[in-house]
Amino acid sequence: MTRSYSSVPGPRAAGLAEIAYSRPVQSIELPADGALDKPGRYHALLPQLRALLGDGEVCDFTDRLAESAAAIEEAAAIAPIELAPAVAARLDNWLGVVRVRQGRLAEADALLGRAVAAAAAIGDHEVAVGATLMLASLRRRAGHPTQAALLLDDVLTRCRAARDVFHLTVALFNRINVDVAPVSYTHLRAHETVLDLVCRLLLE
């Protein structure tokens, strides 16, 4: 039995104007087979899930968004109901990103909220912060700037504690602009440092 995800395509959202969650390409570290909730339950599927999530991340970073969405949708289609929390959090996070881009915002909100809760519970800083940033952007666009501000404040607190300068910078710019015109941004360019990013955003 697989997890229930709706896969009917929808219109892609026009322009995620806030600083969208994205990091330079890095490998996705899924737990070893022995770390699964029920070892062996989907041993054969784990390599395929790992590959699909990895492909989705790389395609997203390189702006091949249709390919990214296809990989994430396929991962969701084959994922068993009982996933290890770390795997479920990553899958919900990326599927939430896909749903935002499709304009299916209610689904995206639920998926991202679930990813935040799961990732925070197991101490997965990367996923918890990334999903919270996207969720804050979603809440702001839905006309709830106060909710967005609270989410961004949580990210700032987490990033200061973890000394995560990259996401701290992203959250800070979104927090400053939560009640005004959003900053236009897609990805940190490969050759840029965080200081370069700050300077570029100030000039835009």
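Modeller: Happy to, and we can go from the whole chain to single residues. This is a predicted model, in which local features need pLDDT of at least 70 and side-chain atom pairs count only at pLDDT 80 or more, while totals for chains, interfaces and linings use all residues. Residues are numbered from 1 along each chain as its sequence is written, and side-chain values use heavy atoms, with hydrogens and water left out.

Colleague: How many helices and strands does the protein chain have?

Modeller: The protein chain comes to eight helices and zero strands, where helices (H or I, at least four residues) and strands (E, at least two) are DSSP runs numbered from the N terminus.

Colleague: And what share of the residues is buried?

Modeller: Buried residues make up 48% of the 204 in the protein chain; buried means under 20% relative accessible area, exposed over 50%, and partly exposed in between, with a 1.4 Å probe and protein chains only.

Colleague: Which residues have the most contacts inside the largest nonpolar core?

Modeller: Those are I72, L83, L91, L112 and L133, in a core of 42 residues. A nonpolar core here is a set of buried Ala, Val, Leu, Ile, Met, Phe, Trp, Tyr and Cys residues joined through side-chain atoms within 4.5 Å. Among the elements that give two or more residues to this core are α1 (46–61), α2 (65–78) and α4 (105–122), and α3 gives the most, with eight residues.

Colleague: Switching to α6, how far does that helix reach?

Modeller: Helix α6 covers residues 145–162, which is 18 residues, and reaches 25 Å from its first C-alpha to its last, close to the 26 Å expected at 1.5 Å a residue; the expected span is 1.5 Å times one less than the number of residues.

Colleague: Which of its residues are buried?

Modeller: In α6 the buried residues are A148, A149, L151, L152, V155, L156 and C159. They lie on the same side of α6 because they cover an arc of only 165° around the axis, the arc being that of the directions from the helix axis to the C-beta atoms. As a general point, an α-helix has 3.6 residues a turn, so residues three or four places apart point the same way.

Colleague: What do they pack against, and what sits on the face turned away?

Modeller: The buried residues of α6 pack against α5 (125–141) and α7 (165–176), whereas the face turned away from that buried side carries the exposed residues T146, L150, T157 and A161. After α6 comes R163, whose phi is positive, near 55°.

Colleague: Now the charges: how many salt bridges are there?

Modeller: A search of the whole structure finds nine, a salt bridge being a side-chain nitrogen of Lys or Arg within 4 Å of a carboxyl oxygen of Asp or Glu. One of them joins D153 and R175, with the closest N and O atoms 2.8 Å apart. This pair links distant parts of the chain, since D153 is in helix α6 and R175 in helix α7, 22 residues apart.

Key:
Contact = heavy atoms within 4.5 Å.
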